[in-house]
Amino acid sequence: MTYVTAVSMKILMVCLGNICRSPMAEGIMREKLKDLYPGSIIDSAGTGGWHAGENPDRRAVKNMNDHGIDISKLVARQFHPKDFENFDLILAMDESNYEDILKISNNEEQNNKVKLILSYMPGQKTLSVPDPWYGGPEGFEHVFHLLNDALDKVILKHFKDAGR
Ligand code: 4NP
């Protein structure tokens, strides 16, 4: 059988450190798209560079492992202005990441690529995915479910034939 990719997109997930929320979002999205839309490119970055070169936080790795997704080999990097050219969609994990990315965008076209990931889920009390860095495993579990639900909505909105 010939498999035809309906659409492919280049999506960048962005948080502060690139060791908790955005690598989790990257892993979840890769898993969701790998069979349906294998041509898509998913990556993640942090607005801050303190953790560049590190693998994701072990608590994030453990939580994702519990959900059958391995993110242990991902490597953190800092967001770069070139990312505006290299990606179609830039999904910010919280409002502060969103503002920081917009501060370094150069034009309307770049601004339009940046969205808050929770803006895809109407009726949310907050538009920010809480930072699980200071908390326990339940924080990571909460983040996993928020991201999992939001990314289903991202697929419904942006991918051709999604949800049929
Ligand atoms: P993330 O979480 O932005 O979801 O990767 C954080 C990780 C580390 C720090 C802050 C947030 N930090 O301050 O080192």
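User: Why is F79 called buried?

Analyst: The relative accessible area of F79 is 9%, and a residue is buried when this value is under 20%, exposed when it is over 50% and partly exposed in between (1.4 Å probe, protein chains only), so F79 belongs with the buried residues. Please keep in mind that this is a predicted model, in which local features need pLDDT of at least 70 and side-chain atom pairs count only at pLDDT 80 or more, while totals for chains, interfaces and linings use all residues. Residues are numbered from 1 along each chain as its sequence is written, and side-chain values use heavy atoms, with hydrogens and water left out.

User: How many aromatic pairs are there, and what makes F79 and F84 one of them?

Analyst: The count comes to three aromatic pairs. F79 and F84 have ring centres 5.3 Å apart and planes at 80°, whereas the rule asks for centres within 6.5 Å between rings of Phe, Tyr and Trp (its six-membered ring), and calls planes under 30 degrees apart stacked, over 60 edge-to-face and the rest tilted. The two rings therefore qualify as a pair, and as an edge-to-face one. F84, with a relative accessible area of 2%, is buried.

User: Why is the pair of W133 and Y134 given the name edge-to-face?

Analyst: The centres of W133 and Y134 are 6.4 Å apart, with 85° between the planes, so the distance is within the limit for a pair and the angle is over the one for edge-to-face. As for accessibility, W133 has 31%, which lies between the two limits and therefore makes W133 partly exposed, while Y134 has 75% and counts as exposed.

User: How do you know where the charged end of R59 sits?

Analyst: The charged end of R59 is 5.6 Å from the centre of the W133 ring and sits over that ring.

User: What makes α2 and α6 oblique?

Analyst: Helix α2 (residues 58-66) and helix α6 (residues 137-158) have axes that come within 10 Å and cross at roughly 55°. Helices (H or I, at least four residues) and strands (E, at least two) are DSSP runs numbered from the N terminus, and axes are lines fitted to C-alpha atoms, for helices over the stretch in contact, with angles from 0 to 180 degrees between N-to-C directions. Angles under 35 degrees count as roughly parallel, over 145 as roughly antiparallel, 65 to 115 as roughly perpendicular and the rest as oblique, so α2 and α6 are oblique to each other. Contact here means heavy atoms within 4.5 Å, and R59, A60, N63 and M64 in α2 meet F140, E141 and F144 in α6.

User: How are α1 and α2 placed, roughly parallel or oblique?

Analyst: The axes of α1 and α2 are 10 Å apart and the angle is about 25°, which makes α1 roughly parallel to α2. M24, G27 and I28 of α1 make the contact with A60, N63 and M64 of α2.

User: What is the hand of the crossing of α1 and α2?

Analyst: The crossing of α1 and α2 is right-handed, a name used if the near helix is turned clockwise from the far one by less than a right angle, whereas anticlockwise is left-handed. The crossing of α2 and α6 is right-handed, and α1 passes α6 in a right-handed crossing.

User: Is S22 buried or exposed?

Analyst: S22, in helix α1 (residues 21-33), has 0% relative accessibility and therefore counts as buried. Not counting residues up to four places away in sequence, S22 touches M13, V14, C15, S44, A45 and M93.

Technical notes:
Lys NZ or Arg CZ within 6 Å of the ring centre and 35° of its normal.
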